[in-house]
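Colleague: I'm new to this one. Can you put it on screen and walk me through it?

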Amino acid sequence: MKLRDFIYSYKSAGAFHNCLCIMGIRIKIRKPVTDRKFYHSLPIQENKIVFHSILKGYSCNPKYITEEIRRQNLPYDLVWIVDRHILKYIDSFPKDVRLVMGGTDDAAREWATAKIWVENERHDKLVRKGLFKREGQTYIQTWHGTFGLKTIGDKNKSARRSALELARMDAEQMDYFISNSKWETDFYKETFWNNGTIFEYGHARNDLLFREDKNEIKLQIYKKLGISPEKKLLLYAPTWRENKDIRCYTMDYTMVKDAFERRFGGEWVFAVKMHHLMFEHRNKFLPEGVEVLNISDYPDIQELHIAADAYITDYSSGILDFMLTRKPGFLYAADREKYENARGLYYPLEETPFPVAENNEKMVENIENFDEAAYKVRVEEFLKGKGCIEDGHAAARVVELIKSIMNKPKEETI
């Protein structure tokens, strides 16, 4: 211990305490839990559902569950917790959905008084602030990933103890988990420290990928992005690194784009969507003078799955949703050994249907030698092996669950 820390220091000591040290004497001080103090005495509104997406905007499973509720014209008060960085796309939210800015007193009040929470990530920050599920509330976890790839929870080699403490406390509150496969059901059981009910309904966000009007949807997205209809779209969506190091993003955009045009024909637009946790670096990782469309702030990656003609990532499970389109997918993992040592993967990348490259030369080779027929066979084998049940009707199943919760008398549970 440094002398100055021995004399006096005041530091975090986990999720719920700070540590005050004076002349070597340590005193634990509990962090404030203001949300519980002010909002947990308010009555629960029996028709209110609060939704939140990890991307903060109108996206992922909560979006498509909301859309199904609206389609059925159900009499619920629909509240979305959002963030300031999605204001550019604020018009994507329906007019009959109430928007509340996250991190505010109003948001805490909505969480504390909703009958149902529909979430797709952990509530770590809310737990840290003291906002716990109350008696009479139901917490539905839909999650934002699928089939891996990167580890989470205590399987994550780089996870901090304080983060795991918060995650465990959050998981203990979850009532229902929405799974899309046998693999994901087992994942929930092993990762979320919870004995809640798991329903293999499929992921509502993937219903879009089964729509018959995909071509019309694609044209609408092209119009939003300013892409000419005759062009093809290549989407590169790498995940984040805990150290926020951008040196691992070594993609040669020109070389890869040229390879796609040689192999698949036509003129391609190279679009990049960085992970939301790398949002602050969204304008730093692209080399100058390279023609790349930066769509890192686009709120709904599922729409981009419809729009894209091919997809590249490193360790993001987004490609495992995109796979349901049967369009070409590739992995570019330049820092693979470092990433596996630092965080870890649930299974080797070679077990996926996607060609794997660790440098630009191998990436070009994989593109030029891409065998579409063999790829589709690998996709079907992979989905079968994971026990995937996606069929385009997940949102309707989840809404039936919501209706059953809403229709139960207060003293009953499902």
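Predicted model: local features only at pLDDT ≥ 70, side-chain atom pairs only at ≥ 80, totals over all residues.

Colleague: How many aromatic pairs does the structure hold?

Modeller: 33. Rings of Phe, Tyr and Trp (its six-membered ring) pair if their centres lie within 6.5 Å; planes under 30 degrees apart count as stacked, over 60 as edge-to-face and the rest as tilted.

Colleague: Why is the pair of Phe 187 and Phe 192 called edge-to-face?

Modeller: Their planes are at 80°, so the pair is edge-to-face, with the centres 5.9 Å apart.

Colleague: Are Phe 187 and Phe 192 buried or exposed?

Modeller: Both are buried. Buried means under 20% relative accessible area, exposed over 50%, partly exposed in between (1.4 Å probe, protein chains only).

Colleague: What about Phe 260 and Trp 268?

Modeller: That pair is tilted, 5.1 Å centre to centre with 45° between the planes. Phe 260 has a relative accessible area of 0%, so it is buried. Trp 268 is buried too, at 4%.

Colleague: Which residues form the aromatic cluster?

Modeller: Phe 187 and Phe 192 are in it, and other members include Trp 143, Tyr 188 and Tyr 347.

Colleague: What lies over the face of Phe 192?

Modeller: Arg 122, at 4.6 Å from the ring centre. Lys 386 lies over the face of Tyr 347, at 4.6 Å from that ring centre. The rule: NZ of Lys or CZ of Arg is within 6 Å of the ring centre and within 35 degrees of the ring normal.

Colleague: New topic. Why is strand S12 largely enclosed?

Modeller: 5 of the 5 residues of S12 (268–272) are buried, so the rest of the structure largely encloses it. Trp 268, Phe 270 and Val 272 are on one side, Val 269 and Ala 271 on the other. Strands (E, at least two residues) and helices (H or I, at least four) are DSSP runs, numbered from the N terminus.

Colleague: Which strand runs parallel to S12 with 5 bridges?

Modeller: S11, residues 232–236. Strands pair if DSSP finds at least two bridges between them. Leu 234 stands opposite Phe 270.

Colleague: Last one. Where is Asp 91 found?

Modeller: In the loop between strands S5 (77–82) and S6 (98–101). Asp 91 is exposed, at 63% relative accessibility.

How values were computed. Residues numbered from 1 in each chain as written. Heavy atoms only, no water.
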